[in-house]
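This report is meant for a reader who has not seen this structure before. Please look over the sequence and the model first, then read on.

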Amino acid sequence: MTLKERVFHTILFEVIALILLTLLAVAVTGNDVAKMSGLAVSLSLIAMAWNFIFNILFDKLYGEDRESRSLMMRISHGFGFELGMLVFSFPVIMWVLQLDLLSVFLMDIGAMIFFLLYAIGFNWVYDVVRARYFKASMSNTLKSL
């Protein structure tokens, strides 16, 4: 994956996640949209940076053949990412929402479960669409030769 594509992947992931997270957080916490949007944007920025770094490291460790990754590999990828996010997001959520440790922990676990499922699904769909796009692009290039 090129640097340009990795940036596109990260931004697309976060835009969709930002919309879903804000709507879910407003529904679950009862806080106003402005407060939850601010928190969601902050967490999104943290996640974008972590996503970028984590995926580069993951690809170096397990190879860049993303299309053939097994379900178990995708689950491991999701868990690794979410554990990192738990560490980075916990203090931010605690500070913004002014909640106790247990409440923030439960919220963070809920968000982690949501994002674990979202990350697995998003990356799987992205990899399949990407593979089809590149196969079609290569086929068209070969036909024009």
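## Contacts and overall layout

Of the contacts in the protein chain with a separation of 6 or more, 70% are between residues 24 or more positions apart. The model is a predicted one. The protein chain contains four helices and zero strands, and from the N terminus on its elements run α-α-α-α.

Taken along the principal axes, the C-alpha atoms fill a box of roughly 65 × 30 × 20 Å. The protein chain has 145 residues, and 35% of them count as buried.

## Nonpolar cores

The largest nonpolar core is made of 19 residues, and the ones with the most contacts inside it are Leu39, Leu43, Ile93 and Tyr118. At least two residues of this core come from each of helix H1 (3–29), helix H2 (33–62), H3 and H4. The most is given by H4, which contributes six residues.

Isoleucine 93 shows how such contacts are made up: leaving out residues up to four places away in sequence, isoleucine 93 touches Leu39, Leu43, Gln98, Val104 and Asp108. There is also a second, separate core of six residues, among them Ala47, Phe54, Phe58 and Met85.

## Helix H3 and its end

Helix H3 covers residues 71–97 and has a kink of about 40° at serine 89. The kink lies shortly before a proline, proline 91. Just after H3 comes glutamine 98, which takes a positive phi of about 50°.

## A buried aspartate

Aspartate 108 is placed in helix H4, which spans residues 101–144. Which side chain of opposite charge is nearest to aspartate 108? It is lysine 35, 16 Å away. Aspartate 108 is buried and yet has no salt bridge.

Neighbours within four places in sequence aside, aspartate 108 is in contact with Leu86, Ser89, Phe90 and Ile93. Of these, Ser89 is the site of the kink in H3, and Ile93 is among the residues with the most contacts inside the largest core.

## Salt bridges

How many salt bridges does the structure hold? There are three. One is formed by arginine 130 and glutamate 5, whose closest N and O atoms are 2.5 Å apart. Arginine 130 belongs to helix H4 and glutamate 5 to helix H1, so this pair ties together parts that are 125 residues apart in sequence. Arginine 130 counts as partly exposed because its relative accessibility is 23%. Glutamate 5 has a relative accessibility of 14% and therefore counts as buried.

Another salt bridge joins the side chains of arginine 6 and aspartate 59, at 2.5 Å from N to O. Arginine 6 is in helix H1 and aspartate 59 in helix H2, so that distant parts of the chain, 53 residues apart, are linked. Arginine 6 and aspartate 59 are both buried. A further salt bridge brings together the side chains of arginine 74 and aspartate 127, at 3.0 Å from N to O. Since arginine 74 lies in helix H3 and aspartate 127 in helix H4, the pair ties together parts that are 53 residues apart in sequence. Arginine 74 and aspartate 127 are each buried.

Conventions:
Residues numbered from 1 in each chain as written. Predicted model: local features only at pLDDT ≥ 70, side-chain atom pairs only at ≥ 80, totals over all residues. Heavy atoms only, no water. Bend = angle between axes of the 7 residues up to and from the residue. Buried < 20%, exposed > 50% of the residue type's maximum accessible area, 1.4 Å probe, protein only. Lys, Arg positive; Asp, Glu negative; His and termini not counted. Salt bridge = Lys/Arg side-chain N within 4 Å of Asp/Glu carboxyl O. Contact = heavy atoms within 4.5 Å. Core = buried A, V, L, I, M, F, W, Y, C linked by side-chain atoms within 4.5 Å.
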